[in-house]
Protein chains: 2
Amino acid sequence: MTDTTTDTAGTVDATERAPLPGPGEQHEAVEILAAARRYVDPELRRAIDSLPGSLRRIALYHFGWEHADGTPAAGNAGKAIRPALVLTAVRALGGDPAMAVRAATAVELTHNFTLLHDDVMDGDTTRRHRPTVWTVFGEAGAILAGDALQALAQQLLAEDPHPGASEAAARLTACVVELCAGQLADCALEDRSPDEVTLEECLAMAEAKTGALLGCACALGSVYAGAGRDETEALDGFGREAGLAFQLIDDVIGIWGDPGQTGKPAGADLAARKKSLPVVAALASGTSAAAELAELYGRLPGTSRGERAGGEGAGADALQDAARVARAVENAGGRDWAQVHAADRMSRAVDQLARAVPDPESAGGLLALAEFVTRRTH
Amino acid sequence: MTDTTTDTAGTVDATERAPLPGPGEQHEAVEILAAARRYVDPELRRAIDSLPGSLRRIALYHFGWEHADGTPAAGNAGKAIRPALVLTAVRALGGDPAMAVRAATAVELTHNFTLLHDDVMDGDTTRRHRPTVWTVFGEAGAILAGDALQALAQQLLAEDPHPGASEAAARLTACVVELCAGQLADCALEDRSPDEVTLEECLAMAEAKTGALLGCACALGSVYAGAGRDETEALDGFGREAGLAFQLIDDVIGIWGDPGQTGKPAGADLAARKKSLPVVAALASGTSAAAELAELYGRLPGTSRGERAGGEGAGADALQDAARVARAVENAGGRDWAQVHAADRMSRAVDQLARAVPDPESAGGLLALAEFVTRRTH
């Protein structure tokens, strides 16, 4: 157990920890995200439209622009957090966001390539309130569309005349390797029993899976603003720390969130025996609730694709089990630990941000985004 | 049926079609391939060694440098045809191959990323005489290692100060999209009955799956030699045509080759109901042998992963079926058609090569490589 878990057993009211963002801050983030969508969507559409027919159809479905039958859909391509970080970082360092649209789009394509592949590996059947690509177009379709999106991301940077494009490409590819290592670690953790998994391993996995790309997005903004190495590294650190805070909150929502809002079934993470951070912290808490939890968690049904498919009829039992596990995680302090630890990561993020962008007004947009994603209830 | 199939019914002795390469030519290709390995291997090892532990182990196994248990292996990373094309194209156009080692390595990494993913999708269990990565490290391991190799390929180009690196990256990413479209077409073709598939579709699929990357390899050599657009396009065409010839011969070997030399079981392509080009040409020949073949081919057992795993006990029957199908394809003229058509593609390749490199002596290396890969019996 690492020393980051020393406050696991404490019970703290989340609202006491730090002031929630005021309506102004929340509003600012929503505006930034909407603006990022407006900047990035035409470039994203252009990139997707350049794909050959069969791959294009899969990508258009994935981004929510088409239904499975190829008819147009209203579109739900996600919240555009990563491209917003690129563009907002450019602005924070005095650059022109319009010059970094390709880089922002490349980051969004990269994120979506990993989603397509992760859903295959994890056997997840729902994303953004719709059936995942592999359930509609088959595993090969999802793997190949993901491969093509990774290629498109790099193509945008290779064809970008901006002087920072090569450095951005090198950073983004290094980030992809880290994302892959994180996902591989996640898959390996699923096969191990909870008492063999340390919180340190899980935090490292979360940093690779989630922190790395948020950090890379901010770093690319810095590169495109022409900032120096110190600023770029500090912004990378800001994104990583905020990303870990985001993951912690996401894990909390994954266990206790409202399925109508999260777009995935309640307890899905628990049913998949994911080593989500609150669970691992709870198991490591040394409380009697932890012992009960270990027993309960070990009893959850297996999660290989075949077992899950066969077990769908037993859905009610699985959900009841998940609810019991969720209560045990909470009793063992896992929920509180995650919220306290998220606040700690956010404070480290703020320190890094101040190093890169000392002027609070210039840093405001990035801060608003970080606050938004870590306080989201949706 | 396209007019390229008009000679399907003819029976020609393969040795009459075109002179086999003399011992000198064969020897030259072997030397070029060995030199390419020497150029590329250190860069390839460096790239693989930069991966985090878990991904590195999978990649080292895939390239034959480690056994599954992590102990060192003698290494069998394939024939290095694609990097050899890059380096030989550079030399043919008067450039220095040493300057293009990263580009050659990027092409080799890209090729291997597609092998890792294709083996998952096709359920292939043997590659280079060893169990495929997904059978040893799981599907997630193979998908993620493939993703990481694609990223490494682009990283090499992004970090390459050569003035042609960006154009090379743009070409290579466009090629990856084409490779993905080709593999997706291949998967889609497997689900269709033989009489629904046209030879034209199969040739387009083969060009995307195999021709595109050989063409791209040659084009990257041209870009790195600083040649003009015309030369680059002509060399791309040379590689594509030679690639199609290569695929035709590869399909012939896939049906009639010696398993001890091909490294995969006899009739594997037939058992997997692959729409290999000789089969489709035979089915389209309108002969009575074609009708018999259609009936036989339709009766082969299915090939979904589950069915194949369950059917392994019935291996003897499947092999007998495959032998019967192979004879029917031959009787319907499929084998001869493939060999004649391969010679035709080779002659188109030679025309394109002469456009890019008019001096026969300078063009000799590329020609020797093309002859080598299309006449291989190993």
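Helices (H or I, at least four residues) and strands (E, at least two) are DSSP runs, numbered from the N terminus. The model is a predicted one, in which local features need pLDDT of at least 70, side-chain atom pairs count only at pLDDT 80 or more, and totals for chains, interfaces and linings use all residues. Residues are numbered from 1 along each chain as its sequence is written, while chains are lettered from A and ligands numbered from 1 in the order in which they are written.

The phi of B:R128 is near 50°, a positive value in a residue other than glycine. B:R128 counts as partly exposed because it has 15 C-beta neighbours inside 10 Å (buried means 20 or more other C-beta atoms within 10 Å of the residue's own, exposed means 12 or fewer, and partly exposed lies in between, with C-beta atoms placed from the backbone). In chain A, the loop between β1 (126-127) and β2 (130-131) holds A:H129. A:H129 is not a glycine either, and its phi is positive, near 65°. With 13 C-beta neighbours inside 10 Å, A:H129 is also partly exposed.

Next come the two copies together. Chain A can be laid on chain B by a turn of 180° and a shift of 0.0 Å along the axis, with an RMSD of 0.0 Å (superposed by least squares on the C-alpha atoms of residues with pLDDT of at least 70 in both). The two copies are thus related as by a two-fold rotation axis. Contact joins 33 residues of chain A to 33 residues of chain B, where contact means that the C-beta atoms, placed from the backbone, lie within 7 Å. On the side of chain A that touches chain B, the elements giving two or more residues are α3 (53-62), α5 (101-122), α6 (133-158) and α7 (165-190). The largest share, 13 residues, comes from α7(A). The copies meet through the same surface, because 100% of the interface residues of chain A are also interface residues in chain B.

Within chain A, helix α4 (residues 81-92) packs against α5(A) at an angle of about 155°, with the axes 8 Å apart (axes are lines fitted to C-alpha atoms, for helices over the stretch in contact, and angles run from 0 to 180 degrees between N-to-C directions). In this packing, A:R82, A:P83, A:V86 and A:L87 of α4(A) meet residues of α5(A), including A:A103 and A:H111.

How values were computed. Two residues are in contact if their C-beta atoms, placed from the backbone, lie within 7 Å.
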